[in-house]
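Please look over the sequence and the model shown here. A short report on the chains and their contact comes after them.

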Amino acid sequence: MATALFYLFGAGALFSAANVVFRRQAVPAAIWLVTCFFFLAGEFLLLGFPFLAAIQIMVYVGAIMVLFLFVIMLLDLQAHQPIQSQFRHSIGGALALVLVALAFVAASGGQALEAENQPAAPEISALVEALFTRYLLPFEVTSVVLVAAIVGALTLGRSPGGSDHPAKS
Amino acid sequence: MPLEAYLAVAAVLFVIGLTMVASRRNLVYVLMGLELILNAANLNLVAFNRFHPESHVDGQMTALFVIILAAAEAAIALAIVLNAYSHFETIRPDDIDTMKD
């Protein structure tokens, strides 16, 4: 079971990543990248890190890729070739979604997944404990980095004149 | 699955990401390639963490910080891309050559 899921997630991740490279249009490429991140979250789940898998989906898919899509649409890269929504694409997307959902349910379903020769993965409580003891300084520095990133993005997003209107682009 | 299997997946992902960065089609593609490279590194970290229990939670923690830094990097870099587009009217890296001689 675990082996089959590994091959499913791995092949899915590599196939999606290859599709990112070969897509001419930016929006489909970004969507394929989202698929790739989903499959990678599946790999994390398979390795026994459900917390990291959740963070991967929330931060990468929920925040970073949405940002990418926003920027791609703001840039208007394909002004001359509108994105054509084709029915077979939606079939493929729905199929992939169902497959990933099934795999996630299967992966979270039981302990049968744990291979015999693998040691048990650390618990989330161990992770949290380490985060607030050994990793306290990096954890606090992270907040500074995030504030710096927010301020930087806001500064870059403003128009050069310093007015409150966002930059025209 | 053995550790090598995860490492192989991560290596192929890394090469795909590197291809995207090196092909330099446009700045957004380059950034997407960077995200792929970071994810490949994350997969390596997590896999090594899993197969070496004496590392406790180190790999997982590092992967967590990588994700946070990737979010910050994406926000800043995409703001720069937007600015570059409004300034140069293009986001092809080869066409943005003001800093070159």
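The sections below cover the basis of the model, each chain, and the interface.

## Basis

This is a predicted model, in which local features need pLDDT of at least 70, side-chain atom pairs count only at pLDDT 80 or more, and totals for chains, interfaces and linings use all residues. Residues are numbered from 1 along each chain as its sequence is written, chains are lettered from A and ligands numbered from 1 in the order in which they are written, and side-chain values use heavy atoms, with hydrogens and water left out.

## Chain A

Chain A has six helices and zero strands; helices are DSSP runs of H or I with at least four residues, strands are runs of E with at least two, and both are numbered from the N terminus. In sequence order the pattern is α-α-α-α-α-α.

Of the 169 residues in chain A, 37% are buried, where buried means under 20% relative accessible area, exposed over 50%, and partly exposed in between (1.4 Å probe, protein chains only). Among contacts in chain A between residues at least 6 apart in sequence, 61% join residues at least 24 apart; a contact means heavy atoms within 4.5 Å. Chain A exposes about 9900 Å², with 70% supplied by carbon and sulfur atoms. Accessible areas come from the Shrake-Rupley method with a 1.4 Å probe, and for residues only the protein chains shown count as cover.

## Chain B

Chain B contains three helices and zero strands, in the order α-α-α. Its radius of gyration is 17 Å, well over the 13 Å that the globule rule gives for 101 residues, so chain B is more spread out than a compact globule. That radius is taken over C-alpha atoms, and the rule is 2.2 Å times the number of residues to the power 0.38. The C-alpha trace of chain B spans about 50 × 25 × 20 Å along its principal axes.

Of the 101 residues of chain B, 50% count as buried.

## Interface

The contact involves 63 residues from chain A and 52 residues from chain B. The size of an interface is often given as the accessible area lost when the parts come together. Here the two chains, B and A, bury about 5300 Å² between them, 78% of it on carbon and sulfur atoms; this area is found with a 1.4 Å probe and summed over both parts. Met1(B), Arg50(B) and Gln60(B) supply 14% of the area that chain B buries against chain A, more than any other three residues.
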